[in-house]
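Hello,

Here is the structure we talked about handing over. My notes on it follow below.

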Amino acid sequence: MSTTITLPSACDFHIHARQGVLMEMVVPQIAEGGVSLCYVMPNLKPPITSTEQALAYKAQLQKLAPNVTFLMSLYLCQELTPEEIRNAKKHGIVGVKSYPRGVTTNSESGIESYSIYYPVFKAMEEVGMILNLHGELPSDVDQDTCVMNAEEKFLVHLKQLHNDFPKLKIVLEHATTKAAVDMVKSLGDTIGCTITIHHLQLIVDDWAGQCHNFCKPVAKFPHDRQALRDIILEGHPRFFLGTDSAPHPAYLKECSHSSAGVFTTPLAIPYLATILDSFGALDCLRKFACENGKKFYGVSEEEGKYREITLIKETSLVPHLYSFDKSLEEREGSVVPFLAGKNLTWRIIN
């Protein structure tokens with residue numbers, strides 16, 4: 001087997017770039033991780049709900065990482081109108097992200113019912129914008145809904161939206177279950193799906209009691225992880241990389257109510273190559289991480305931002321911490337990355 005791989009730099013179709021000093025640490029790491037194009041989530045404080053906000057945020061990101069193509073999104077909320085959708089499309093905004101209320105970080109302004117947004121979805125369908133769905137229902141004891149079945153119970157809404165807007169491109173974000181994989185496969189060519197790096201590695205036992213592996217949606221059962229792996233091995237064109245890399249200061253993870261999120265940005269492609277290699281899918285790396293997403297979205301890197309990366313099969317250690325504010329105590333001003341202190345078997349050499 002070859003000990004080097006050369007391929008186009010990757011595309012991350014789901015990234016949290018954050019704000020302030022944390023953003024200033026995270027964004028330059030995107031290219032270091034082997035990524036040259038990324039789709040940026042809008043759940044900031046306050047959320048990105050207008051074209052003007054999205055363009056201002058993009059300018060901040062471009063200043064920090066001028067060699068990366070940033071695709072921007074808006075946060076689905078009651079203030080979003082069909083007119084704003086048309087304005088967003090005119091200014092290059094790619095999509096709209098839907099968060100069910102309260103299920104993950106900064107989702108307090110999320111949706112409770114899709115029906116009131118049908119005029120917005122119709123406008124999106126007409127102009128060719130993407131609808132990105134965080135595919136979980138809020139936990140509800142009376143309905144027997146919790147983090148372990150919230151994704152599967154959401155899938156009827158994905159199917160209904162597809163039936164009602166068959167020409168609207170919809171992405172089910174960060175799938176974690178066999179049920180989600182099967183549903184996306186069963187629907188038409190306008191339905192895509194992102195899979196994260198960490199969900200290809202983790203199961204429920206890996207986050208229960210281990211705060212730095214805790215994310216939303218949570219990792220599920222071994223058969224669910226296998227379904228994610230199998231769809232990559234299959235080479236299905238509507239499944240592609242979206243890391244959902246979501247950094248939090250260490251102290252917000254290491255507490256009684258841990259924040260949801262796993263940080264993979266600085267080593268995204270070495271992580272992915274190592275994990276794919278572990279289950280015989282290394283030859284799927286290019287299609288999954290570099291090609292499928294761009295084809296589904298119909299996008300490419302901005303001029304001058306395409307590059308190639310070379311990986312070598314060589315052991316390297318994941319850092320224990322990434323510091324973003326040295327003026328703070330270590331656990332307040334640092335982020336613990338995924339698999340901190342563990343070895344990866346592939347690394348980027350250019």
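Leaving out residues up to four places away in sequence, Ala10 touches Gly34, Val35, Ser36, Leu37, Ile269, Ala289 and Cys290, where contact means heavy atoms within 4.5 Å. Ala10 and Val35 lie 25 residues apart in sequence and 4.4 Å apart in space, C-alpha to C-alpha. Ala10 belongs to strand 2 (residues 10-15); helices (H or I, at least four residues) and strands (E, at least two) are DSSP runs, numbered from the N terminus. Its relative accessibility is 1%, so Ala10 counts as buried (buried is under 20% relative accessible area, exposed over 50%, partly exposed in between, with a 1.4 Å probe and protein chains only).

On the source: this is a predicted model, in which local features need pLDDT of at least 70 and side-chain atom pairs count only at pLDDT 80 or more, while totals for chains, interfaces and linings use all residues. Residues are numbered from 1 along each chain as its sequence is written, and side-chain values use heavy atoms, with hydrogens and water left out.

Helices: the axes of helix 11 (residues 268-278) and helix 12 come within 10 Å and cross at roughly 145 degrees. Axes are lines fitted to C-alpha atoms, for helices over the stretch in contact, and angles run from 0 to 180 degrees between N-to-C directions. Helix 11 contributes Ile269, Leu272, Ala273 and Leu276 to the contact, and helix 12 contributes Leu285, Phe288 and Ala289. By class this contact has seven nonpolar, no polar and no charged residues (Ala, Val, Leu, Ile, Met, Phe, Trp, Tyr, Cys and Pro count as nonpolar, Asp, Glu, Lys and Arg as charged, and the others, Gly among them, as polar).

Sheet: six strands form an open sheet in the order 5-6-7-8-9-10, with parallel pairing; two strands pair if DSSP finds at least two bridges between them. Strand 5 (73-75) and strand 10 (239-241) are at the edges with a single partner strand each, so one side of each has no neighbour in the sheet. Neighbouring strands are turned by 30 degrees against each other on average, direction ignored. Strand 9 (residues 191-195) pairs with strand 10 in the parallel sense over three bridges, and Cys193 stands opposite Phe239 in strand 10. Helix 12 (residues 285-297) lies across strand 7 (130-134), strand 8 (170-173), strand 9 and strand 10, at about 120 degrees to strand 10.

Regards
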